[in-house]
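Here is a short briefing on one protein chain. Please look over the sequence and the structure first, then read the points by topic.

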Amino acid sequence: MRLNKLHIPFIVTCIAMLLFPLCQAPAQTKRFTVVIDAGHGGHDPGAIGKISREKNINLSVALKLGKMIEANCADTKVIYTREKDEFVPLAKRAEIANNAKADLFISIHTNSLGGNRKVKGASTWTLGLAKSDANLEVAKRENAVILYEDDYQTRYAGFNPNSAESYIIFEFMQDKYMSQSVHLATLVQKEFKQTARRTDRGVHQAGFLVLKASAMPSILVELGFISTPEEERYLNTDSGRNTLARSIYRAFITYKKEQEVRTGSASAPADSTRPVPTARPHSTPATSSSAPLFKVQILASTRPIPQGSKEFKGLKDVAYYREKGMYKYTCGSSTDYNEILRLKRELASQFKGAFVIAFKNGKKMDVEDAIREYEKNNK
């Protein structure tokens, strides 16, 4: 068959949708927007290693991450705070995200620890009060970027990044996006460990100005230690940067799909309550089919998780449903919301990202609507 030029873009689009079915196709609703922030830049080099500068590592990984999202997620808009080696004030980075009404802010950095050439690993941070001197030092180093700005004392209301007293402002701060930020940070660390095979240095909190000013779920990633020769060499390889970017990308995909479930923008298939074929299924109470059925979602995976997997952490009462190519694993099943809420609290120490979901007549429903219906039925 002879093709004219008008056919080619259509064919390319179809092939891309078949090869990368990770994000949903463009919809009528607002596009999901993620702002990717490459830390430092221009006359601010960030941490300096033997063979490289932090600003260049950050930018490379940020651009790779953005390209992965752009290539595979047609419904997502990617915005960069910088796409080249230039200086962007800290407040401006958050302003870019806020003006875009972004759904997510990911700031990418590289760690450094003077006097220790053996420390390794990646960590992910959220906004909060630093609970140790080591955490405070990380925040001080990242906030010190404001010293490159001429009017920083006015712009940041006298905040001194090198003074511990300045960080008292974070002690009583209530971040309404904290739970979402911590959940995303946990997903990133999981991928760093499993996908990138990096030492897991965990999820932490500290007073980062760039996160404080961002009005959406936000995380700051420390890719590794430029001060450790072995890690610096890894951070300067294309394969290393690709792997780190892919880890963040995979966590982003999981987070985004979960958000779609929570907001009801993704619909579950008719067979969404099938029991797990590789784990003992739960027993559903004999209750009215018209009442919402609550469950605790504990895991999400692109592949089936086999019976006895350590990921279930010994749980037996496990079921799953499939949604947009993902296997979503749940524990418990009851029309009593309070019963499932108690279960979620019990599981919180083992499954930090656990949350309550709801079904009605075998179909996924918005959990807030389900709770309101439960309260109405139990007055």
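## Ile 219 and its surroundings

Leaving aside residues up to four places away in sequence, Ile 219 is in contact with Phe 105, Ile 106, Ser 107, Thr 124, Trp 125, Thr 126, Ser 181, Leu 184, Ala 185, Val 188 and Leu 211. The model is predicted. Ile 219 belongs to strand β6.

- Ile 219 has 0% relative accessibility, so it counts as buried.
- Ser 181, one of the residues that Ile 219 touches, is 38 residues away from Ile 219 along the chain.
- The C-alpha atoms of Ile 219 and Ser 181 are separated by 6.1 Å.

## Nonpolar core

- The largest nonpolar core has 40 residues.
- Ile 36, Ile 69, Ile 108, Leu 223 and Ile 248 touch the most other members of this core.
- At least two core residues come from each of β1, α2, β2 (76–80), β3, α6, β6 (218–225), α8 (229–235) and α9.
- Beyond residues up to four places away in sequence, Ile 248 touches Val 61, Leu 65, Ile 106, Ile 108, Val 188, Phe 192, Val 221 and Leu 223.
- Ile 108 and Leu 223, among these contacts of Ile 248, are also listed with Ile 248 as residues that touch the most other core members.
- Ile 106 and Val 188 are in contact with Ile 248, and Ile 219 touches both as well.

## His 40

- His 40 sits in the loop between β1 (32–38) and α2 (54–72).
- Is His 40 buried or exposed? His 40 is buried, because its relative accessibility is 5%, below the 20% cut-off.
- The side chains of His 40 and Asp 44 make a polar contact of 2.8 Å.
- A polar contact of 3.3 Å links the side chain of His 40 to that of Glu 54.
- With residues up to four places away in sequence left out, His 40 touches Pro 45, Gly 46, Glu 54, Lys 55, Asn 58, Arg 82, Glu 86, Arg 93, His 109 and Glu 142.

## Positive phi

- Most residues other than glycine have a negative phi.
- His 40 has a positive phi, near 65 degrees, and is not a glycine.
- Lys 101 is not a glycine either, and its phi is positive at about 50 degrees.
- Both residues lie in loops: His 40 between β1 and α2, Lys 101 between α3 and β3.
- His 40 is buried at 5% relative accessibility, whereas Lys 101 is exposed, with a relative accessible area of 62%.

## Cavities

- How many cavities of 30 Å³ or more does the structure hold? There are 2.
- By class, the lining of the largest cavity has 5 nonpolar, 5 polar and 3 charged residues.
- Val 261, Arg 262, Phe 355, Val 356, Ile 357, Ala 358, Lys 364, Met 365 and Val 367 line the second largest cavity.
- α9 (238–263), β10 (355–360) and β11 (363–365) each give two or more residues to the lining of the second largest cavity.
- Which element gives the largest share of the lining of the second largest cavity? β10 does, with 4 residues.
- The lining of the second largest cavity has 7 nonpolar, no polar and 2 charged residues.

## Largest pocket

- The volume of the largest pocket is about 1,600 Å³.
- Its lining has 49 residues, and Thr 186, Leu 187, Lys 190, Ile 298 and Leu 299 lie nearest its centre.
- At least two lining residues come from each of α6 (178–194), β5 (200–206), α9, β7 (293–301), α10 (337–347), β10 and α11 (367–377).
- α6 provides the largest share of the pocket lining, 11 residues.
- By class, the pocket lining has 21 nonpolar, 14 polar and 14 charged residues.
- α9 and β10 supply residues to the lining of the largest pocket and also to that of the second largest cavity.

Note on methods. Residues are numbered from 1 along each chain as its sequence is written. This is a predicted model: local features need pLDDT of at least 70, side-chain atom pairs count only at pLDDT 80 or more; totals for chains, interfaces and linings use all residues. Side-chain values use heavy atoms; hydrogens and water are left out. Buried means under 20% relative accessible area, exposed over 50%, partly exposed in between (1.4 Å probe, protein chains only). A polar contact is a pair of N or O atoms within 3.5 Å; within protein, one must be able to donate a hydrogen and the other to accept it, and residues adjacent in sequence count only if both atoms are side-chain atoms. Contact means heavy atoms within 4.5 Å. On a 1 Å grid over the protein atoms alone, a cavity is a set of points where a 1.4 Å probe fits but cannot get out, and a pocket is an open set with protein on both sides within 12 Å along at least five of seven lines; lining residues have an atom within 4 Å of a point. Grid points are joined across faces, edges and corners, and a volume is the space filled by probe spheres set on the points. Ala, Val, Leu, Ile, Met, Phe, Trp, Tyr, Cys and Pro count as nonpolar, Asp, Glu, Lys and Arg as charged, and the others, Gly among them, as polar. A nonpolar core is a set of buried Ala, Val, Leu, Ile, Met, Phe, Trp, Tyr and Cys residues joined through side-chain atoms within 4.5 Å.
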